[in-house]
Number of protein chains: 6
Amino acid sequence: MNYQYIKTEQADLIATIRFNHYSKRNALSECLIEEMHHALEVFGKEDVRVLVLRSDQKNKVWSAGHDVMELPRSERDPLPADDPVMVLLKSIRAFRAPVIAMVDGSVWGASTDLIMSCDIAMGDHDSTFAITPAKLGLPYTASGILHFMSRMPLNVVKEMFLTADPIGADRALQIGILNHLYVSGELEAKTYQMARTIASRSPQANSVLKAQAQMLSDAAVMNPAVFEHLQSLRKNVYMGSDYREGITAFLERRDPVFGQAM
Amino acid sequence: MNYQYIKTEQADLIATIRFNHYSKRNALSECLIEEMHHALEVFGKEDVRVLVLRSDQKNKVWSAGHDVMELPRSERDPLPADDPVMVLLKSIRAFRAPVIAMVDGSVWGASTDLIMSCDIAMGDHDSTFAITPAKLGLPYTASGILHFMSRMPLNVVKEMFLTADPIGADRALQIGILNHLYVSGELEAKTYQMARTIASRSPQANSVLKAQAQMLSDAAVMNPAVFEHLQSLRKNVYMGSDYREGITAFLERRDPVFGQAM
Amino acid sequence: MNYQYIKTEQADLIATIRFNHYSKRNALSECLIEEMHHALEVFGKEDVRVLVLRSDQKNKVWSAGHDVMELPRSERDPLPADDPVMVLLKSIRAFRAPVIAMVDGSVWGASTDLIMSCDIAMGDHDSTFAITPAKLGLPYTASGILHFMSRMPLNVVKEMFLTADPIGADRALQIGILNHLYVSGELEAKTYQMARTIASRSPQANSVLKAQAQMLSDAAVMNPAVFEHLQSLRKNVYMGSDYREGITAFLERRDPVFGQAM
Amino acid sequence: MNYQYIKTEQADLIATIRFNHYSKRNALSECLIEEMHHALEVFGKEDVRVLVLRSDQKNKVWSAGHDVMELPRSERDPLPADDPVMVLLKSIRAFRAPVIAMVDGSVWGASTDLIMSCDIAMGDHDSTFAITPAKLGLPYTASGILHFMSRMPLNVVKEMFLTADPIGADRALQIGILNHLYVSGELEAKTYQMARTIASRSPQANSVLKAQAQMLSDAAVMNPAVFEHLQSLRKNVYMGSDYREGITAFLERRDPVFGQAM
Amino acid sequence: MNYQYIKTEQADLIATIRFNHYSKRNALSECLIEEMHHALEVFGKEDVRVLVLRSDQKNKVWSAGHDVMELPRSERDPLPADDPVMVLLKSIRAFRAPVIAMVDGSVWGASTDLIMSCDIAMGDHDSTFAITPAKLGLPYTASGILHFMSRMPLNVVKEMFLTADPIGADRALQIGILNHLYVSGELEAKTYQMARTIASRSPQANSVLKAQAQMLSDAAVMNPAVFEHLQSLRKNVYMGSDYREGITAFLERRDPVFGQAM
Amino acid sequence: MNYQYIKTEQADLIATIRFNHYSKRNALSECLIEEMHHALEVFGKEDVRVLVLRSDQKNKVWSAGHDVMELPRSERDPLPADDPVMVLLKSIRAFRAPVIAMVDGSVWGASTDLIMSCDIAMGDHDSTFAITPAKLGLPYTASGILHFMSRMPLNVVKEMFLTADPIGADRALQIGILNHLYVSGELEAKTYQMARTIASRSPQANSVLKAQAQMLSDAAVMNPAVFEHLQSLRKNVYMGSDYREGITAFLERRDPVFGQAM
Ligand code: NI
Ligand code: NI
Ligand code: NI
């Protein structure tokens with residue numbers, strides 16, 4: 001299979017997907033996502049015991065999140081459940097075999113949520129993680145926030161979202177984003193060593209374990225009325241001035257000037 | 001207090017709000033709702049033990065639901081949690097004292113949901129109840145559907161929503177919409193007799209009972225991911241062809257011609 | 001075994017407990033409850049496939065609910081989970097075999113909740129059902145209200161609690177309190193006919209079915225913060241003027257004069 | 001398409017599936033189910049606005065539930081989520097358009113659960129409904145019991161399961177199994193009249209309404225530990241003596257002799 | 001505005017509340033809380049993007065928790081949802097803008113729960129955190145325990161509550177109480193640097209993010225019956241000997257001699 | 001009392017249970033578990049304020065988990081809720097007083113889940129923790145996975161289950177398995193120092209706190225249909241080839257050769 005935005009390979013029960021679209025800083029554009037789905041579908045039919053998700057080359061940016069050009073300008077919910085990035089996250093979570101993210105650069109926005117949707121994350125000292133909707137005035141989803149809460153203390157989740165600042169590799173290890181942190185030269189070897197271990201375990205047991213953990217971590221239930229209230233607050237944000245200003249400023253490469261809270 | 005769309009009165013610990021806007025068939029227009037909120041606020045400060053909600057005069061239509069002119073044409077969620085009608089329902093549900101609906105005509109659309117938000121419903125043989133979003137192509141809210149499910153068998157709830165046809169008074173009694181059904185000449189006397197009974201009971205105990213029952217009936221919890229999936233389905237409806245056609249046909253006083261399901 | 005407040009018998013896999021304390025109108029006094037627990041424990045060790053709960057003699061009152069003399073005067077939660085009546089309800093719900101209530105008189109207060117805790121209820125035309133905390137100014141429990149909601153439309157549950165008026169036998173059948181209504185002379189025969197049917201079915205399957213339905217009907221979950229808010233509202237009632245007045249008036253055999261809602 | 005166990009037709013946006021396997025009393029055998037799935041898949045791709053599920057000919061038995069020959073003899077969970085009948089129920093629930101069951105005979109066992117999985121049920125005076133696991137010593141599923149609880153008072157659900165006796169048409173209407181009851185000659189006309197009404201409504205709105213009501217009625221959440229406890233109770237039943245005896249007696253066409261509860 | 005127990009200031013979209021009642025070790029007395037509510041209300045109307053909560057002067061004790069003199073002696077629930085401290089925590093959690101706690105001394109009892117109710121916590125090496133109900137024999141609330149569980153491993157939460165011993169600053173950082181730990185001289189600068197970052201982000205997005213995270217972290221649902229059982233256990237503690245002894249010993253400045261568990 | 005597989009002692013309100021069956025590497029065999037239950041029952045009647053669980057001697061293995069000889073060969077759910085090990089975990093969780101695990105060797109399989117069921121865990125540098133169902137092809141329980149999720153980031157829980165590799169002492173401290181890590185010579189002294197602290201606190205308050213935290217950490221609710229789907233996936237594993245191969249290979253002391261995922 002010839003892909004344009006990713007590369008794939010498969011050996012010894014281990015599959016690999018490599019981001020390969022550095023001109024767009026490996027952003028989760030619709031084109032790249034389409035190729036990802038294709039690759040996941042192909043691997044899903046093979047005897048794949050574990051999947052490694054990585055960048056083909058070590059670069060400054062591992063993946064830049066949403067392609068902001070593809071977000072609606074305003075007055076539309078920018079993150080409906082059928083947003084391509086949200087659907088990609090669901091596919092990763094639903095992939096039968098475990099997925100290991102191997103991170104050797106900075107991760108931005110929804111790509112950090114992608115890391116939360118992988119089963120395991122390995123990083124080197126250049127890996128950083130930022131979740132940036134507060135810079136764009138973009139109201140994030142409750143399910144996405146929940147992905148972060150399944151890994152980190154609540155106050156750290158809030159710090160990440162409220163400041164939108166990146167978390168460095170050492171702290172990422174300490175707070176629970178990274179499973180392991182290695183020096184750059186060792187990351188690949190250590191990642192595939194873990195992949196081989198997983199591949200030697202029972203794929204039938206592991207597949208159910210993954211599904212169980214997923215269901216349990218999703219299980220933060222709310223009443224419809226509470227949820228509809230939160231959706232209404234989100235609506236006021238994406239219909240409001242901050243989101244318009246945030247997107248505009250981003251595209252004009254300037255700092256946004258946000259208005260007053262509602 | 002002088003109201004234009006409603007009338008109010010208070011006697012013997014019993015308050016009454018009467019719809020009085022028959023030219024608009026007592027539709028839940030923003031103007032009428034504003035007066036309702038004012039009346040509820042005033043009564044909330046008085047020693048009111050029970051509130052009766054009724055039409056000032058017996059008419060063919062008791063209340064016509066949303067003023068369709070006030071619904072967004074399309075491409076907007078027509079029923080966000082801060083929609084004036086939704087907010088009115090919440091105020092009725094949160095009103096400290098029990099609310100009895102006294103129904104002597106046909107009830108349409110969101111006004112039927114209003115009946116579900118009252119604590120008790122009394123009717124005469126001219127009372128009918130229809131919930132009509134399927135006629136407009138309008139995606140209803142999960143919390144609203146839940147109001148119906150707290151009273152009726154699931155298959156009857158579905159029949160009401162899927163056919164959008166009115167339920168007559170006898171069946172309304174049998175399936176749990178009406179607490180009691182009386183002949184027209186007795187309805188008022190019987191309603192106020194029940195109101196006097198409630199007014200003679202402990203207002204402190206009743207206020208907590210109402211709050212408890214409300215919380216319990218709201219308690220149909222869902223995971224955020226499930227809810228966001230449903231919201232996304234709703235979005236596809238209000239962005240889609242049926243809603244546009246439904247509203248247009250309504251305003252042009254013709255039958256809608258709906259397209260294919262998505 | 002010699003009991004003072006109840007009688008028991010066992011035949012053909014069917015056990016029977018008969019209330020036998022008519023001087024106290026079969027009130028759920030601590031003494032009667034203690035004997036009930038003893039009987040349930042004994043039957044629990046026997047090969048009992050179904051239990052019938054009835055009054056020994058047909059009387060005006062089937063059971064009068066709490067012995068009001070045993071309720072705390074005020075400033076104590078009158079219905080903690082370890083209140084003897086609440087514990088009795090739990091024992092009935094947890095009893096391994098199905099429990100059929102055979103009702104041939106009026107049922108009052110917590111005894112109506114006892115009916116809700118039986119698996120099936122059969123009645124004659126003298127059976128009536130009232131839930132009366134609003135007459136005493138007594139804040140009821142959320143779990144108790146939930147027992148009613150598992151059977152009846154929400155608006156009917158509210159009518160029962162808010163008016164505290166008895167529901168007659170015909171309406172009890174229609175709204176879901178009674179499974180069957182028979183003329184007085186047939187009630188006993190019909191009840192034991194159903195008991196024999198149940199006794200002929202698989203006791204292993206029925207025991208699990210009962211446990212499953214119980215768990216499912218309890219499953220109206222709330223957040224701790226919501227629950228603590230409701231408990232605090234309840235506390236304000238039992239620390240307040242209505243509860244003191246309600247109990248006093250009851251004991252002085254006069255109508256209570258309740259104050260204003262808080 | 002040529003089917004052997006069912007017949008299908010489609011006209012005016014209304015699809016129909018007819019059971020056509022009366023030698024097996026329209027039991028939900030794996031072969032019949034396979035054809036049902038095929039038909040549902042075909043109709044799912046057409047512009048179908050409503051589906052009617054019926055028996056091709058009016059017979060004594062409308063559908064007999066599981067083909068008992070296909071149940072595991074014992075020591076296996078007889079009702080795992082991937083049991084063909086359970087999967088069929090899920091397909092009906094997930095079918096995009098509303099499904100109306102048109103019932104003109106007796107319904108047994110899992111076929112009664114099938115009725116609960118249809119959106120609306122119409123019947124004539126020969127329709128009866130029995131849920132019979134207690135006759136087989138078969139432990140039913142919690143999700144199946146929940147289907148019944150979404151329609152009927154808890155005590156009636158328990159009566160149905162604990163006695164395993166059929167419910168007649170009149171009572172089925174009264175307790176919420178049937179939406180409407182018609183004399184035999186009118187049932188078909190009335191059913192298709194309702195189908196035409198639904199077909200005239202917005203299919204986009206109706207499809208979401210159905211999904212919402214489904215999610216809400218499934219929302220009876222339990223902790224994993226509670227659920228695993230119930231599963232363990234179920235296991236003791238299908239590993240136990242009653243289930244073995246129940247199946248054997250059924251196949252030997254004699255009454256079972258059940259042992260003692262565990 | 002002139003306050004007696006606190007000081008407030010506002011500059012550059014950043015508000016600050018300073019505890020200023022060191023003679024009572026900044027205990028959360030009703031008077032101090034009243035001033036806090038006033039300040040929160042004032043700031044809530046201003047264009048405040050972030051709130052810093054701190055002690056005016058660096059002292060040994062940052063805040064001492066409940067004023068034990070204000071706890072009921074016994075036989076009353078000492079922590080109802082309308083306890084002033086519990087209400088203060090709710091106001092902090094509901095405050096529209098993020099709240100950063102800046103901690104430079106020891107934190108005791110309910111003040112540690114206050115830290116859990118702030119969005120972010122920054123500390124220096126003198127900050128310590130103890131949750132002390134086990135020293136007083138005081139039954140804590142489920143919602144309060146949940147605040148701790150949203151940040152820390154369950155076994156650490158239990159250690160904190162069961163030992164009632166303080167957690168030092170380094171461990172507080174490691175287990176998730178503190179977001180950052182700085183040397184004393186840098187704490188203020190670093191705290192306001194983070195505040196300025198947050199103030200530069202979208203206040204509309206941040207306000208919704210905070211509400212979403214709050215709802216999600218509250219979402220640990222329980223059945224009413226389970227909750228009422230826990231409340232009943234709590235009642236036995238506050239009606240029991242330990243609570244009386246704990247309060248008495250505290251006021252007599254001696255070690256308590258607790259009795260046997262119930 | 002004379003035990004064969006454990007030793008017990010009690011002093012100064014502190015009870016101790018010592019594993020003493022090193023020939024079986026302190027595996028949780030039915031015999032050892034039976035003695036554990038007896039000891040827990042005895043201590044439950046004494047004035048025990050805290051319980052220490054330890055190995056009598058420091059050995060390479062602290063406890064080896066299930067006795068694999070006692071697991072069903074295949075085609076049976078190997079972990080029903082009434083599995084002896086699962087029941088032991090429940091008894092530890094339900095024990096009235098806090099339980100401290102003192103770990104000075106390697107912990108394997110279900111014994112690691114036992115550590116998660118203790119309230120607090122103290123270790124030395126030889127303590128390691130592995131959860132090994134993936135090595136046996138054994139489908140673990142959702143409630144067991146939840147025990148791990150209450151302590152650790154989701155990605156670390158997944159790493160532990162998916163790799164089945166042991167976690168060393170230092171990492172166990174960092175990720176939240178261990179409360180404290182001490183050098184070997186200090187572990188005992190430090191453990192009993194903490195035990196004495198807990199013993200000096202209110203046993204009445206601590207007993208309720210433990211119950212509350214337990215209920216809250218169990219509160220990860222799921223719909224029955226979701227749960228039944230997961231159980232069905234588990235069934236396919238224990239009926240499948242991996243579980244048979246995993247058990248066989250273990251007993252033949254060779255590496256398993258697992259097949260393909262289903
Ligand atoms: Ni409107
Ligand atoms: Ni009592
Ligand atoms: Ni089958």
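**Rotation axis and chain contacts in the predicted model**

Of the residues of chain F, F:Ala220 is the one that comes closest to the rotation axis, its C-alpha lying at 4.0 Å. In this predicted model, chain F can be laid on chain A by a turn of 120 degrees with a shift of 0.0 Å along the axis, and the superposition gives an RMSD of 0.0 Å. The two copies are therefore related as by a three-fold rotation axis. Only 5% of the interface residues of chain F are also interface residues in chain A, so the copies meet through different surfaces.

The contact of chain A with chain B was examined separately, and 25 residues from chain A and 25 residues from chain B take part in it. About 2100 Å² is buried between chain A and chain B, with 55% of this area on carbon and sulfur atoms. Polar contact across the interface of these two chains is found for 10 residue pairs, both residues being at pLDDT 80 or more. On the side of chain A that touches chain B, the elements that give two or more residues are α5 (142–149) and α10 (224–238) of chain A, and α10(A) gives the most, with 9 residues. Sorted by class, this side of chain A has 12 nonpolar residues, together with 7 polar and 6 charged residues.

Between chain A and chain B, 2 salt bridges are counted. One salt bridge joins the side chains of A:Asp82 and B:Lys235, with a distance of 2.8 Å from N to O.

Technical notes:
Residues are numbered from 1 along each chain as its sequence is written. Chains are lettered from A and ligands numbered from 1 in the order in which they are written. This is a predicted model: local features need pLDDT of at least 70, side-chain atom pairs count only at pLDDT 80 or more; totals for chains, interfaces and linings use all residues. Side-chain values use heavy atoms; hydrogens and water are left out. Contact means heavy atoms within 4.5 Å. Buried area is the accessible area (1.4 Å probe) that two parts lose on being put together, summed over both. A salt bridge is a side-chain nitrogen of Lys or Arg within 4 Å of a carboxyl oxygen of Asp or Glu. A polar contact is a pair of N or O atoms within 3.5 Å; within protein, one must be able to donate a hydrogen and the other to accept it, and residues adjacent in sequence count only if both atoms are side-chain atoms. Helices (H or I, at least four residues) and strands (E, at least two) are DSSP runs, numbered from the N terminus. Ala, Val, Leu, Ile, Met, Phe, Trp, Tyr, Cys and Pro count as nonpolar, Asp, Glu, Lys and Arg as charged, and the others, Gly among them, as polar. Copies are superposed by least squares on the C-alpha atoms of residues with pLDDT of at least 70 in both.
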